[in-house]
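Okay, everyone, thanks for coming. Let me put this one up on the screen and then walk you through a few spots.

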Amino acid sequence: EVMRIFETAGLRDALQAVTRPGLTGMHFVNAAGETLMVRGGTAECGPHGCANNHYVHQPELEAVLRRGLARFAQVGLHLRHEVTGWSAADDGGAWLDVNGPEGAARWQARWVVGCDGARSMVRRWIGAATLDLGLHQPWLVFDVRLKQPVPGLPLHTVQHCDPARPMTYCNVTGDRRRWEIMLMPGDDPAEMVKPERIAALVSRWLQPGQAEIERAVIYTFHSVIAQGWRRGPLLLAGDAAHQTPPFLGQGMCAGIRDAANLAWKLDAVVRGRADESLLDTHEAERAPHVRAFIELAVRLGGIIQTTDPEAARERDARFTAGAPEVFEFPAPRLGPGVWTSDAAPVAQVFPQPLLGDGRRLDAAIGRRFAVIMQPELVDAVDDDTRRWWQWHDVAVLPATGEALPCWLRQHDAAAVLLRPDRYVAGLA
């Protein structure tokens, strides 16, 4: 789904060049080396027209985004600037106090989206409380680059569910590898990030001289959701609005979904096609959706972070007996918002099949609403509806070929309305 968002932004090819499809999956392994469960990967194209998960080195992703921004002359990117305060403007927007390389300045904005992380200043300005979902655990996270091939390092991700020291090993991209190591009682965070301590922790996999540490930092994995994502011109997205432990690899994905949700709504408001109250549906839709991912990540964290030996033995026995807990990757519906129906697939993401002309669906409809309908109905639509579609720049696509008619039949539908973020708004 997230790769598809990048595709809509015109960055799929550039991003695929720096990512690695997670074909070998994620293995959960106990202290004895027994596999408890596997979250599978595949080389097959999933419903969104690409592999079902990807690994990426975040600085390379950010480089792709910055090059993508350079396509737009009307976009300014101001690095090394710090926003220190805000005040309401007479027009309903905001004044921002900014410090940068050239000194202090005041910027005026109609909308301010705080994507400013877990310690968000914008969240404090909004006055949003946070709902605590129960997980707060410090981990050591460090990235290395291999200097040579290292026999025995798995190609897949491994969750070492060892009560003596839970760890995660990740094959990122190229020669990059990452370890995440849970801090135990008595650990000194300042000591844990030292190279000699790191070397001792991974000595069963890496010998001195085989890798170079790029960075090492202590993170506290949190599970929280802000309550109140908007105050006038101020809005929240990403870690400023919610934080998840990394056990599903969905933290940044959740923030990207926020961006896709908020972008088309801001566009509609700025163009005068919707009242600004539309922006209130951002939190209403996204908060329940992201909570489903956070809660599953917390459940997985409960398996990985088990440190009581007896509880770990009971966990291992449950899994190795062939009756483990089922962890189905969520496909939640959006919360209340811009859609209408009592049941799925409304408020879920529409798939992206190949069309008969060889294009993927999103290339055919662009960044706008779309109606996909049985071909015989296209000419039967009345003039008022056509004028409404034209005003809202709705793409109209006859359901031809194999995939689209099949989808309509499966859902007993004659037509489906898609939002610009590809969520189903309704069926007819």
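Let's start at helix α12, residues 383–391, where a side-chain oxygen of D382 comes to within 3.2 Å of the backbone nitrogen of D384 at the helix start. Just past α12, D393 has a positive phi of about 55°. Helices here are DSSP runs of H or I with at least four residues, strands are runs of E with at least two, and both are numbered from the N terminus.

Quick housekeeping: this is a predicted model, so local features need pLDDT of at least 70 and side-chain atom pairs count only at pLDDT 80 or more, while totals for chains, interfaces and linings use all residues. Residues are numbered from 1 along each chain as its sequence is written, and side-chain values use heavy atoms, with hydrogens and water left out.

Zooming out, the chain has 13 helices and 20 strands. Its radius of gyration, over C-alpha atoms, is 24 Å, close to the 22 Å that the globule rule gives for 428 residues, so the chain is as compact as a globular protein of that length. That rule is 2.2 Å times the number of residues to the power 0.38. Buried residues, meaning under 20% relative accessible area with a 1.4 Å probe and protein chains only, make up 45% of the 428.

Now, R419: buried or exposed? R419 is buried, at 0% relative accessible area, and sits in the loop between β19 (415–418) and β20 (424–427). Its side chain makes a 2.8 Å polar contact with the side chain of D421. By polar contact I mean N or O atoms within 3.5 Å; within protein, one must be able to donate a hydrogen and the other to accept it, and residues adjacent in sequence count only if both atoms are side-chain atoms. Beyond four places in sequence, R419 is in contact (heavy atoms within 4.5 Å) with residues including E285, R368 and W339.

Which residues lie nearest the centre of the second largest pocket? Those are V371, W389, A415, L417 and A428, out of 15 lining residues. A pocket is an open set of points on a 1 Å grid over the protein atoms alone, where a 1.4 Å probe fits, with protein on both sides within 12 Å along at least five of seven lines; lining residues have an atom within 4 Å of a point. And α12 is back: β17 (370–373), α12, β19 and β20 each supply at least two lining residues.

Methods:
Buried < 20%, exposed > 50% of the residue type's maximum accessible area, 1.4 Å probe, protein only.
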